[in-house]
Amino acid sequence: MSWERYKKYYLGLENLGFGLDVSRVGFDDAFLASMQEPAKDAFASMVALEAGAIANPDENRMVGHYWLRAPELAPTPEIRAEIEGNISKIESFAKKVHSGEIAGADGKFENILCIGIGGSALGPEFVSEALGSPKTDKMKVFFLDNTDPDGYDLVFDKLDGKLGRTLAIVTSKSGGTPEPRNAMIEAQARWESAGLDFARHAVVTTGTGSKLYNYAKERGFVEFFPMWDWVGGRTSEFAAVGLLPAALQGIDIRAMLNGAAGMDAATRVADMLKNPSMLLALMWYKCTSGKGLKDMVILPYKDRLLLFSRYLQQLIMESLGKELDLSGKKVEQGISVYGNKGSTDQHAYVQQLRDGIDNFFITFIEVLKDRRGDSPEVASGETSGDYLQAFLLGTREAISAKGRDCITVTVDDVTPFSVGALIALYDRAVGFYASLVGINAYHQPGVEAGKKAASSILAVKAKIVAALADREVSVDEIAREINLENEKEIVFKLLIHLASNPSTGVASSGVGFDKKFRKTK
């Protein structure tokens, strides 16, 4: 790679401690010229979105996550006041918890149990992992982010004997999402079995008037924090969803908001070569031919950023994975995202990235600061951090030498400010890319379809349980009895799950597809 091309296509923002290098992507001036008009339209769409245009027509709502870090840009004084008031409320609440003014049955709160799913968990998990410090954290954070009973047990085993000093944060916009609802019910049972009042140890982050809001109000939960309809789950890290657990953990949320606001300012510049989010979106378009034909690999060379690829997986894939474009034409858009961390990945899938199928592009994330304090030498004149940088640069060199596209994002350090900036960078890149390919980034019809399908499966399970009796029956017999002969696989899967859990009162005999099932109680 030539020095001149690197200088031409490196965008450095020293005021943000940030740099973006796209010189190792195979584009030319003709590509940039062809994207001038689409980029211009994308800039205009973003301006309209920030001004309060209806950006999610499915739900007839605005999309306002950018206002969370710049309340002065909110379209109404009321929204601005809500945002500013919420941040102050979070800070005040965290201060009262840390001082012991708000406490649990056994004294000052020492632990946080975050209950949520999707954006209500991935953002807080990423931030907690990236910015936490066992020596200085004010509270220890745990997560219930699924509806896996064994997963619940693993977490509650860690909190055994500590629930009287644990504050639960239940997060769900509607209050009806099954995963957080199930986790809350299980958590409540744990507190009650320990002789504790769950409500005295719980707060909620939800929509005003939601099922969860009313449930918490009726039972006297400690506090309520709002989820607004103009903030989507995957972009809610700078709302109470992410700020509350971060503040309680002891993370500087104002610095995180400032980092996001700084990046937002940089990504409002209507020049595609000087706007890092637009530059990223253009590279995604070039690498994937604007059709998602290649996967995005996220490779942060920093342990603290391990969960960033999981966070981006939801942000990008839920936003861009769409069947229809804005005109209703079937396009099946999207970009698949995966990653882990370097240099670990050099001993995992980097072999394929260099020598195997060329169906990807890589974003390396480089962190210049090695650690707090000095590093000992591990070899003559070399530290562990020197090796980490050498592995990043060497791997990038080896992969780009094969003509494979590489992007490099550089930050000075992993701090609340830089993490806020990284989140904001990708927030807007997703919006720009969606405009470039003509899709709606702010709805998720596929997620809703999955929820409806799950509900229908549970309805089938109820029919099976009702049909079972104290006699052995086969899958064929049960399916015929409940009029689901075309869904025998589903019937079979539900039956073997029931029989694998004795508390259901269903038992099986026989092997394989010849198994028979009966009700035991």
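At what rough angle do the axes of helix α6 (residues 149-158) and helix α7 (residues 178-193) cross? In this predicted model, the two axes cross at roughly 45 degrees and come within 11 Å. The crossing of α6 past α7 is right-handed. On the α6 side, the contact is made by Y152, D153 and F156, and α7 contributes E179, N182, A183, E186, A187, R190 and W191.

## Helix packing

Two further helix pairs can be described in the same terms. The axes of helix α5 (residues 119-131) and helix α12 (residues 308-320) come within 9 Å, with a crossing angle of roughly 150 degrees. Angles over 145 degrees count as roughly antiparallel, and α5 and α12 are therefore assigned to that class. The passage of α5 across α12 is left-handed. Residues G119, L122, G123, E125 and F126 of α5 meet F308, R310, Y311 and Q314 of α12.

Helix α16 (residues 445-467) and helix α18 (residues 488-499) have axes that come within 10 Å and cross at roughly 65 degrees. These two helices are therefore roughly perpendicular to each other, and α16 passes α18 in a right-handed crossing. The contact involves I457, V460, K461, I464 and V465 from α16, together with I490, V491, L494, L495 and L498 from α18.

The axis geometry is collected below.

| Helix pair | Axes come within | Crossing angle |
|---|---|---|
| α5 and α12 | 9 Å | roughly 150 degrees |
| α6 and α7 | 11 Å | roughly 45 degrees |
| α16 and α18 | 10 Å | roughly 65 degrees |

## Aromatic and charge-ring contacts

The structure holds 22 aromatic pairs. One of them joins F93 and F225, whose ring centres are 5.4 Å apart and whose planes stand at 75 degrees, so the arrangement is edge-to-face. F93 belongs to helix α4 (residues 77-99) and F225 to strand β11 (residues 223-226), so the pair ties together parts that are 132 residues apart in sequence. Both F93 and F225 are buried.

A single aromatic cluster is formed by F126, W284, F308, Y311, Y426 and Y433.

Two arginine residues are placed over aromatic rings. The charged end of R5 sits over the ring of F27, 4.7 Å from its centre. R428 lies over the face of Y66, at 4.2 Å from the ring centre.

## Two buried residues

F198 is found in the loop between α7 and β10 (202-206). Its relative accessible area is 2%, so F198 counts as buried. Leaving aside residues up to four places away in sequence, F198 touches A168, V170, M184, A187, Q188, W191 and F221. A187 and W191 are also among the α7 residues that take part in the contact with α6. The C-alpha atoms of F198 and M227 are separated by 22 Å, and these residues lie 29 residues apart along the chain.

S277 lies in helix α11 (residues 276-288). With a relative accessible area of 0%, S277 is likewise buried. Beyond residues up to four places away in sequence, S277 touches T267, A424, L425, R428, A429 and F432. R428 is also the residue that lies over the face of Y66.

## Backbone geometry

Most residues other than glycine have a negative phi, and most peptide bonds are trans. Which residues does a cis peptide bond join? The bond lies between G342 and S343, and its omega is about 5 degrees. S343 is found in the loop between β13 (337-339) and α13 (350-355).

S289, although not a glycine, has a positive phi of about 60 degrees. This residue lies in the loop between α11 and β12 (295-300). The relative accessible area of S289 is 43%, so S289 is partly exposed.

E332 is also not a glycine and has a positive phi of about 50 degrees. Its place is in the loop between α12 and β13. Is E332 buried or exposed? At 55% relative accessibility, E332 counts as exposed, because the threshold for that class is over 50%.

Definitions and conventions. Residues are numbered from 1 along each chain as its sequence is written. This is a predicted model: local features need pLDDT of at least 70, side-chain atom pairs count only at pLDDT 80 or more; totals for chains, interfaces and linings use all residues. Side-chain values use heavy atoms; hydrogens and water are left out. Rings of Phe, Tyr and Trp (its six-membered ring) pair if their centres lie within 6.5 Å; planes under 30 degrees apart count as stacked, over 60 as edge-to-face and the rest as tilted. Helices (H or I, at least four residues) and strands (E, at least two) are DSSP runs, numbered from the N terminus. Buried means under 20% relative accessible area, exposed over 50%, partly exposed in between (1.4 Å probe, protein chains only). A charge sits over a ring if NZ of Lys or CZ of Arg is within 6 Å of the ring centre and within 35 degrees of the ring normal. Axes are lines fitted to C-alpha atoms, for helices over the stretch in contact, and angles run from 0 to 180 degrees between N-to-C directions. Angles under 35 degrees count as roughly parallel, over 145 as roughly antiparallel, 65 to 115 as roughly perpendicular and the rest as oblique. A crossing is left-handed if the near helix is turned anticlockwise from the far one by less than a right angle, and right-handed if clockwise. Contact means heavy atoms within 4.5 Å.
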